[in-house]
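Please read them beside the model.

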Amino acid sequence: METLEMAAQPALYATFWALVPPLVAIALALITKEVYSSLFVGILVGGLFYSGFTFEGTILHIFQDGMITVLSDGWNVGILIFLVILGSMVALMNKAGGSAAFGRWAGEHIKTRIGAQLATVALGVLIFVDDYFNCLTVGSVMRPVTDKHQISRAKLSYLIDATAAPVCIIAPISSWAAAVTGFVEGEDGLALFIKAIPYNFYALLTIVMMIGLTMLDVDYGPMAVHEKNAKNGDIYTTAGRPYANAENAHKVRGSGKVIDLVIPIIALISCCVIGMIYTGGFFSGESFVTAFSNSDASLGLVLGSFFGFLITVVFYLVRKVLSFQDCMSSLPEGFKAMVPAIMILTFAWTLKAMTDSLGAAEYVAGAMEHVAGGLMNLLPAIIFLVGCGLAFATGTSWGTFGILIPIVVAVFSQSNAELMIISISACMAGAVCGDHCSPISDTTIMASAGGQCDHVNHVSTQLPYALTVAAISFVTYVVAGFVQSAWISLPFGILLTLCFLVVIKKIKD
């Protein structure tokens, strides 16, 4: 691998070409509406660039250095195991009748489409521990409710995605806070993270956007078409329904009650939190906050979901809702339901490996250092745009934090503490924004899986909303760079978002 990299470095390493493979994959996905082949073409372009267009070098880099390596990575394998166990739990709850019972209960208590959407947002905000966990849990719980109120799967996926990473990045106790604090060297990472929350405009304004869209009952862009069709009975709009058959395969065997959904979800959340703090050393004497900061989210979620699954099986057996055979048959059913998400994740991770091997991080870091010398007051807005672009092209927020945050700390730590906090927020907000928009982001992929929505449908319908909030956030960061006060800039951003929605509402009416 080192020999190949040395050969490829002189021509293409750490140049703009490093960003071409993901851009090709993203463009093809949006044009062809087919995600698997689009991702593979992006991987192929990366392999060709890396090997200098040699056949053997390209094939070896794609499969040996790329796909096999990412599937051998402990973190990635942990996420895949977590996906399978969570899919099996969803199958288990569906088979027991817990999901159907919750749907009936919610149907009696949640009377309107607005209520169903607000309940989805509220649940997404409450599950702030981890974005992967958020996506799949909120989807499995709220799908029966949103289906009953004829809310499109695209809208459900948007609400899930917009309350996953954006909520995790403003929650001090989350796997994302732990990641960010780990990148801040020479500073109190957690204290900086907390101070940066009011300046995290993209995350905060995304929540304002969701609530505004719901309360004003307004949609625009492709989402408006999906919502119109959903009100007429078609919650999918297109022929792409990768999860429809998997959902129909879960035959209800038990006469479940609401408790058969609530107890497993509580067990799952509790076990996942315990699993995460366990990996951070909580039971070895570390404080809760420190344990969360040091946690291994991948391993913690695997341990938590495994024990959550065991508790659910025992709970159903004791209540005689399902037989042991029914419980065990949920394992392959859950795996089958998650196959589309697993395939897309595998391709997305391989594409990221191609991008990393071409030196995308080094290219962006170099470009940032050239900008850092001047335009200090505009730097938060510039950092926000750079974070958006990098996370969009690579499909990773955490990688973007790792590249940009150390640069921001180095530039501002000895000069302007407030501007450093604003710039760190801009980096986090830009990373979340790019991640939110990117078709190759694992969080976006999981939101599609959680909402059981065609992946390209989810990306194309949420993109106008995400870009709207991104544009408003950019303007707000320009203001924040000069006034350097969250009390002025945040209300300005909120007002701008609400004014935009009111104008759209008047145009639509």
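1. Ser-140 is in contact with Val-90 and Gly-450, once its neighbours within four places in sequence are left aside; contact means heavy atoms within 4.5 Å. The residue belongs to helix α8 (residues 131–148). Helices (H or I, at least four residues) and strands (E, at least two) are DSSP runs numbered from the N terminus. Ser-140 is buried, at 6% relative accessible area; buried means under 20%, exposed over 50%, and partly exposed in between (1.4 Å probe, protein chains only).

2. This is a predicted model, in which local features need pLDDT of at least 70 and side-chain atom pairs count only at pLDDT 80 or more, while totals for chains, interfaces and linings use all residues. Residues are numbered from 1 along each chain as its sequence is written, and side-chain values use heavy atoms, with hydrogens and water left out.

3. Gly-221 sits in the loop between α13 (201–216) and α14 (222–231) and is partly exposed, with a relative accessible area of 39%. Gly-221 and Leu-463 are 242 residues apart in sequence, yet 9.0 Å apart in space, C-alpha to C-alpha.

4. Helix α19 supplies five residues to the lining of the largest pocket, the largest share. By residue class, that lining divides into nine nonpolar, nine polar and eight charged. Ala, Val, Leu, Ile, Met, Phe, Trp, Tyr, Cys and Pro count as nonpolar, Asp, Glu, Lys and Arg as charged, and the others, Gly among them, as polar.

5. In the second largest pocket, α16 gives the most to the lining, with five residues. The lining there divides into 14 nonpolar, one polar and no charged.
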